[in-house]
Amino acid sequence: MQDEHVLHESQDEIGPLIVLDDKYMRVLSFGDNDEQSKLLKSEPHIPQHTYIQAMLLVLLFIKPKRVIILGLGGGGLIHALRRYDTGIKVTAVELRAQVIELARRYFQLPIGKKLSIIHQDANLFLEQGDHKKADVIFADIYGADGVDENQLSETFIANAAALIKADGYLVLNCWKEHSQNRVLLSHLQQHFSEVRACLTGGGNWVVFAGKIKREITSAGLKSKAHSLSQQLDFTLGRSLTRFALWE
């Protein structure tokens, strides 16, 4: 970001929280050279990170009525889902109280009856299982040092699967190196019928684990992607070229 300035800087028991701003963009950071969330202020519904764009590919397979987001950040997924369908009931779970406060204050977080924000550890939230089943669970639990290892564990995946409807999906945001993690794939295959994945240009490995198998041709996928791109107001094509079954 050019000509950026610090809008907010604080610390909690986990580490620093910084909000940076320039004329067009706003960034949430958890440390030096860290970019947790990035918002285009004039069009907050257009994700600025390729991994969020990739996570939304799940909408090619299911039209959710209820979703759970684990890891709020600046609320980029919420903005995009609101653009797609204002009727979706969204529950976002966030460990850090200040992240919730900053998302509301600086990142245009939508308000309304369809959005519920829960201040809790995502692992505990899943363990308790005290929530209506969702069509999609998006897991994007990151700190300044990268992905939360709990997100890759057998317990996390089993608990998430238990909160997903019979035809639903778990979407995991991971790093490129996790594409070689056969243990993670094995955990997913225990609880889901089909596992797809997508490597983003930003070096993320985004995983889509579905409860049922869905047959769809390449041509059918491209046609649906074109329609979905119009709904979301950005092009999904770049992510789609790297989208395949993970076996």
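## Basis of the model

Helices (H or I, at least four residues) and strands (E, at least two) are DSSP runs, numbered from the N terminus. This is a predicted model, in which local features need pLDDT of at least 70, side-chain atom pairs count only at pLDDT 80 or more, and totals for chains, interfaces and linings use all residues. Residues are numbered from 1 along each chain as its sequence is written, and side-chain values use heavy atoms, with hydrogens and water left out.

## Asp-140

Asp-140 sits in the loop between strand 8 (134-139) and strand 9 (142-143). UniProt, in an unreviewed entry, places the feature "active site" at Asp-140. UniProt positions follow the numbering used here, feature names are shortened, and annotations may be inferred rather than shown by experiment.

Asp-140 is buried at 14% relative accessibility. Buried means under 20% relative accessible area, exposed over 50%, and partly exposed in between (1.4 Å probe, protein chains only). Leaving out residues up to four places away in sequence, Asp-140 touches Tyr-51, Met-55, Leu-70, Gly-71, Gln-151 and Asn-173. Contact means heavy atoms within 4.5 Å.

## Arg-96

Arg-96 lies in the loop between strand 6 (89-94) and helix 3 (97-106). It is buried, at 6% relative accessibility. Its side chain makes a polar contact with the side chain of Asp-12, at 2.8 Å. A polar contact is a pair of N or O atoms within 3.5 Å; within protein, one must be able to donate a hydrogen and the other to accept it, and residues adjacent in sequence count only if both atoms are side-chain atoms. Beyond its neighbours within four places in sequence, Arg-96 contacts residues including Ile-14, Phe-30 and His-119.

Four strands form an open antiparallel sheet in the order 1-2-3-4. Strand 1 (5-11) and strand 4 (37-40) are at the edges; each has a single partner strand, so one side of each lacks a neighbour in the sheet. Neighbouring strands are turned by 10° against each other on average, direction ignored. Two strands pair if DSSP finds at least two bridges between them.

Six bridges join strand 1 and strand 2 (residues 16-21) in the antiparallel sense. Axes are lines fitted to C-alpha atoms, for helices over the stretch in contact, and angles run from 0 to 180 degrees between N-to-C directions.

Strand 5 (residues 66-70) and strand 6 run parallel, joined by five bridges. Val-67 stands opposite Val-90 in strand 6.

## Aromatic pairs

The structure holds five aromatic pairs. In the pair of Phe-61 and Phe-243, ring centres are 5.9 Å apart and the planes stand at 45°, so the pair is tilted. Rings of Phe, Tyr and Trp (its six-membered ring) pair if their centres lie within 6.5 Å; planes under 30 degrees apart count as stacked, over 60 as edge-to-face and the rest as tilted. Phe-61 is buried at 8%, and Phe-243 is buried at 10%.

Trp-205 and Trp-246 form an edge-to-face pair, 5.4 Å centre to centre with 85° between the planes. Ring pairs also link Phe-61, Tyr-169, Phe-208 and Phe-243 into a cluster.
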